[in-house]
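Biologist: I would like to go through a model feature by feature. Please give the general idea where there is one, then the case at hand.

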Amino acid sequence: MTTQPNSAEARDIRYHLHSYTNARKHEEIGPLIIEKGDGIYVEDASGKRYIEAMAGLWSVAVGFSEQRLVDAATRQMKKLPFYHNFTHKGHSPVIDLAEKLVSMAPVPMSKAFFTNSGSEANDTAMKMIWYRSNALGQPQKKKIISRKRGYHGVTIASASLTGLPNNQISFDLPIANVLHTGTPHHYRDALAGESEEAFATRLAEELEQLILAEGPEMVAAFIGEPVMGAGGVVVPPATYWEKIQAVLAKYDILLVADEVICGFGRTGNMFGCQTFDIKPDILVMSKQISSSYLPISALLINERVYAPLADESNRIGTFGHGFTAGGHPVAAAVALENLKLIEERDLVGNARTVGVHMQKRLRELAGHELVGEVRGVGLIGAVELVGDKQAKTPWKNAGALGGLVNGLLQENGVISRNMADTLAFCPPLIITEKQVDDMVDAFKKALDAAV
Ligand code: PLP
C-alpha cells in the first residue's frame, strides 16, 4: 500500500501487532482505522461510514455513542477511579453490579465474581471447577468437555477449551484435562435424512460415550455457548440442550454456559439460557454487560459451586485467585448503567422483534446460488457461502469466497466478519428494521457482485 511515511497507517504497520491478523499481510495492506462511532455506525479515517453489523466484536448493545455511559464513567472516575476487591475490601459499584446480576440470573445463583475479559472468566471457571473437585475430595474429577468449533477465548486454559484449530496450532495447546465433543451443526454434520431431533440424540449419545470412555468420576464439567458464535453462529438443533443436560445430570457433571455473546438480549431473551432452557451451574458473561465501553466480565456461580469453594478457601485460608482490575469501579458503574439502558429501552424486546425481521430478510437470500445455509436467532445470524450448493463444498479454497464477499460488503459500507465462508451479522441491539434492510440490501449487492 502507499502510505505517507508518518501517517497513522505507516505507524500502525511499524509499531502495532494486531490480534487475529496475518502479520505479514498486514505489513502489505495496513489497517482500516476507525475514528468515530454513532448509533449503529462507525466512521473510518477517510470519513467513510459503515453499519457495524458485528456490534464491534458481538458487543456494543447500546450503540457507539451512548452519552449516559460516558456520564456514568465520568461520575465514577471523579468519585473513586480505582479500588480493588481483594482481602475483604470492595466498593459500591461492584456490590450493586453483583446484586443486579444475581437478581437477573435465569436460574438461582449465589455469587458473582468479576474478571476483565471472556477468556479470563472462562479460565476462572476452570480453576473454580478444579478447586471444587479438590474441596469435595474428588481430585481425579478434573476433565472438562467442550465442543469442536466452540469459542471460549485465548488464554492458555480458555484457548484449550476453544475448539478451533487456529487458537491451538503452534501454541502447543490444548493443555491436559480438556476434551472436545461434536458440534451441533445440523447443516454440516447431520447424516443424510437425519432429523434435528435424531441428530441431537446422536450428539448426546456421543457425549455419553466420551464420558464413559474417560470414566464419569474423571469428568467435572461441560462448557458450551447457547449459540456458538465465533465457530460460525451455530444454532443448536431442536432438543439438543435438553438431551445434553440429561446426560450431564446422569453423571453429576457441572454445566458452564458461556453467555459472552448471547448474554443481555442477543437471542431475543435476556440470556441464551432462557431461549434454550439451559440451567447452568456457572454462567459466564462479558461483552454486552458493559456494551464493551470498558472491559469487564463476570461469572455467576450457584450454591453447588459456591459452598465447596467457600469451604476450601476456609480450609486453606484464602481463595487465592483474583485480578487487580477485576470488578473495576468505573467498568462496574458503566455496566450498571448499560444494563439499566437495556431494560429501560427494552432492547431485549427490540432484539426479539427486529430479530424476527433480520432472520426473515437473511433467509430471503437462501435461494442465492452462493448461499448454502442461513441460520440464526434474534439479532445474531449467519450466511454460509458455498461454491457448490448441492455438494456444500467451498469455492476455491475454504475462506476464499467468504473473504471476497466480506471485502465487497465493506466497500458497500457494512462491516461484517467472515469465519471462513460464513459471514456473521450481530448488529447493536438498537438496530431498526429499516437499518436491517440497508444492511441486508448491501449484503445482497455484495453477493451478486461476487457471482
Ligand atoms: N467466550 C465467547 C463465547 C466469546 O465469543 C469470546 C470472545 O469472542 C470469549 C469467550 C473470549 O472473550 P475475550 O475476547 O473477552 O477474552
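This is a predicted model: local features need pLDDT of at least 70, side-chain atom pairs count only at pLDDT 80 or more; totals for chains, interfaces and linings use all residues.

Biologist: Into which domains is the protein chain divided?

Modeller: There are two entries in the division: domain 1 (32-62 + 346-450) and domain 2 (70-344). Their centres, taken over C-alpha atoms, are separated by 26 Å.

Biologist: How should I read the contact, and how many residues does each domain put into it?

Modeller: As a general idea, the size of an interface is often given as the accessible area lost when the parts come together. Here the description is by residues: domain 1 contributes 24 and domain 2 contributes 23. On the side of domain 1 that touches domain 2, two or more residues come from each of helix H3 (55-59), helix H14 (347-363), strand E11 (371-377), strand E12 (380-385) and strand E15 (422-425). H14 supplies the largest share of that side, five residues. By class, the side of domain 1 that touches domain 2 has 14 nonpolar, seven polar and three charged residues.

Biologist: Which residues of the largest nonpolar core touch the most other members?

Modeller: In soluble globular proteins, nonpolar side chains tend to be buried together. In this model the largest nonpolar core holds 126 residues, and Val284, Ala298 and Leu299 touch the most other members. Helix H13 (residues 329-344) gives the largest share of this core, 10 residues. Both domain 1 and domain 2 are represented, each with at least three residues.

Biologist: What does Leu299 touch, leaving out residues up to four places away in sequence?

Modeller: Leu299 is in contact with Phe113, Ala121, Thr124, Ala125, Ile282, Leu283 and Val284.

Biologist: Last, the ligand. Which residues come nearest, and which helix gives the most to the shell?

Modeller: The ligand has 15 residues around it, of which Ser117, Gly118, Ser119, Gly153 and Val260 come nearest. Helix H6 (residues 118-135) gives the most to the shell, three residues. The shell divides into five nonpolar, eight polar and two charged residues.

Note on methods: Residues are numbered from 1 along each chain as its sequence is written. A nonpolar core is a set of buried Ala, Val, Leu, Ile, Met, Phe, Trp, Tyr and Cys residues joined through C-beta atoms within 7 Å. A residue is buried if 20 or more other C-beta atoms lie within 10 Å of its own, exposed if 12 or fewer, and partly exposed in between; C-beta atoms are placed from the backbone. Helices (H or I, at least four residues) and strands (E, at least two) are DSSP runs, numbered from the N terminus. Domain bounds come from an automatic or database domain assignment. Two residues are in contact if their C-beta atoms, placed from the backbone, lie within 7 Å. Ala, Val, Leu, Ile, Met, Phe, Trp, Tyr, Cys and Pro count as nonpolar, Asp, Glu, Lys and Arg as charged, and the others, Gly among them, as polar. A residue is near a molecule or strand if its C-beta atom, placed from the backbone, lies within 6 Å of it.
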